[in-house]
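Trainee: Before we use these coordinates for anything further, I would like to go through them with you, one question at a time.

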Amino acid sequence: MTKTMRLMMLSQSMMTFGSGIVFPFYLIFVKEIGGDFTQYGIAYGLFTLCSAYLNWWFGKSSDKYGRKIFLLLSAWGTAVLFLLFPIVSSIWQVYALQIAMGAFGAMQRTCEKALLADLTEEGRRGEQIGRYHVGVSVFSGIAVMAGGFLIDLFTLDLMFYLGSIILFVSGLMLSRVNEGQRHSST
């Protein structure tokens with residue numbers, strides 16, 4: 001695995017960790033502002049539908065403008081949104097944030113996969129992508145467990161702030177990834 005791939009894996013693992021300490025407890029957040037299961041479902045559905053609609057556009061745009069710019073926008077944009085969640089007071093604000101989160105989620109998922117394909121070697125892509133996902137998935141599992149531990153010690157607001165910091169650091173790491181190192185598929 002190249003240095004660029006390792007750096008990307010570390011960056012995206014941090015992204016997964018920052019999101020993972022918050023998302024499992026999102027239902028608690030919706031309940032705290034007076035929402036119910038239906039409103040949670042609507043909020044999550046808005047996220048998913050927005051993301052689904054924009055995946056193709058971000059994929060096409062990343063072919064034209066590069067993957068890294070969208071990954072940076074996603075990391076830092078989500079970091080900013082995490083700072084807004086603690087000041088939300090109505091479900092309508094949650095809906096608006098979820099739509100924005102869906103856009104950033106589409107950027108992240110689509111461009112991460114495209115850049116990963118760009119950075120892997122033909123004939124070894126499956127192996128390299130598999131190794132990459134082992135690292136990212138380990139961070140995801142650790143994040144959920146850490147979030148469960150931390151939520152008992154701190155407030156949900158603090159969890160959003162911590163997630164924001166981690167996402168910002170993820171973007172800083174990603175900014176060091178050399179997107180130009182691409183393997184041709186001849």
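Trainee: In which helix is the place of L115?
Mentor: This is a predicted model, and in it the element that runs over residues 91-119 takes in L115.

Trainee: Is L115 buried or exposed?
Mentor: A residue counts as buried when its relative accessible area is under 20%. For L115 the relative accessible area is 0%, so L115 is buried.

Trainee: Which residues is L115 in contact with, leaving aside its neighbours within four places in sequence?
Mentor: Contact here requires heavy atoms within 4.5 Å. With the neighbours within four places in sequence left aside, the partners of L115 are M8, R67, L71, V177 and E179.

Trainee: How far apart in space are L115 and G77, C-alpha to C-alpha?
Mentor: Along the sequence, 38 residues separate L115 from G77. In space, taken from C-alpha to C-alpha, the separation of L115 and G77 is 19 Å.

Trainee: Turning to T78, why does it count as buried?
Mentor: T78 lies in helix α4, which spans residues 68-84 and has the highest mean pLDDT among the elements of the protein chain, 96. The limit for burial is under 20% relative accessible area, and T78 counts as buried because its relative accessibility is 6%.

Trainee: Where does M14 lie, and is it buried or exposed?
Mentor: M14 lies in helix α1, which covers residues 3-20. Its relative accessibility is 16%, so M14 counts as buried.

Trainee: What is the distance between the C-alpha atoms of M14 and F47?
Mentor: M14 and F47 are 33 residues apart along the chain. The separation of their C-alpha atoms is 21 Å.

Trainee: How many helices and strands are there in the protein chain, and what is its radius of gyration?
Mentor: The protein chain has seven helices and zero strands. The globule rule gives 16 Å for 186 residues, and the chain comes close to this value, so it is as compact as a globular protein of that length, with a radius of gyration of 17 Å.

Trainee: What share of the contacts with a separation of 6 or more comes from residues 24 or more positions apart?
Mentor: Of the 186 residues of the protein chain, 48% count as buried. Among contacts with a separation of 6 or more, the share that comes from residues 24 or more positions apart is 85%.

Trainee: What pLDDT does the protein chain average?
Mentor: Among the elements, helix α2, residues 26-32, has the lowest mean pLDDT, 84. Over the protein chain, 97% of the residues score at least 70, and the average pLDDT is 90.

Terms used:
Residues numbered from 1 in each chain as written. Predicted model: local features only at pLDDT ≥ 70, side-chain atom pairs only at ≥ 80, totals over all residues. Heavy atoms only, no water. pLDDT = per-residue confidence, 0-100. Helix = DSSP H or I, 4+ residues; strand = E, 2+ residues; numbered from the N terminus. Rg over C-alpha atoms; globule rule 2.2 N^0.38 Å. Buried < 20%, exposed > 50% of the residue type's maximum accessible area, 1.4 Å probe, protein only.
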